[in-house]
Amino acid sequence: MTKKKLIAGNWKMNGALGANAALLQVLRAGLEAGAHQSVDVAVAVPAAYLAQVQGLAEGSAIALAAQDVSRHEAGAYTG
């Protein structure tokens, strides 16, 4: 049995409601087109965006992971 590879995207301390929605729309379209047959897909978002991204990913093959918050407003910080 061959294990699937995991492709995970980590927002760090970046994101915005509109950008999150656009990215999830593209990811869902790719997955629905069959692009996920050989891989698992996950997104790791800052805690502030968990509820939004959970709703956007609902019913899809996208797994959701959480990050804690950072004292920085934006950038390559994982908390």
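Where do Arg28 and Glu32 lie? Both sit in helix 1 (residues 17-32), four residues apart, or about one turn of the helix. Helices (H or I, at least four residues) and strands (E, at least two) are DSSP runs, numbered from the N terminus.

This is a predicted model: local features need pLDDT of at least 70, side-chain atom pairs count only at pLDDT 80 or more, and totals for chains, interfaces and linings use all residues. Residues are numbered from 1 along each chain as its sequence is written, and side-chain values use heavy atoms, with hydrogens and water left out.

Three strands form an open, parallel sheet in the order 1-2-3. Two strands pair if DSSP finds at least two bridges between them. Strand 1 and strand 3 (62-67) are the edges, and each pairs on one side only. From one strand to the next, the twist averages 25 degrees. (Axes are lines fitted to C-alpha atoms, for helices over the stretch in contact; angles run from 0 to 180 degrees between N-to-C directions.)

Helix 1 packs on this sheet and touches strand 2 and strand 3 (contact means heavy atoms within 4.5 Å). Its direction makes about 145 degrees with that of strand 3.

Now the charged pairs. A salt bridge is a side-chain nitrogen of Lys or Arg within 4 Å of a carboxyl oxygen of Asp or Glu. The count is two. Arg28 bridges to Glu32, with the closest N and O atoms 3.6 Å apart. Lys4 meets Asp40 at 3.8 Å, N to O. This pair links distant parts of the chain, 36 residues apart: Lys4 lies in the segment before strand 1 (5-10), Asp40 in strand 2 (residues 39-46).
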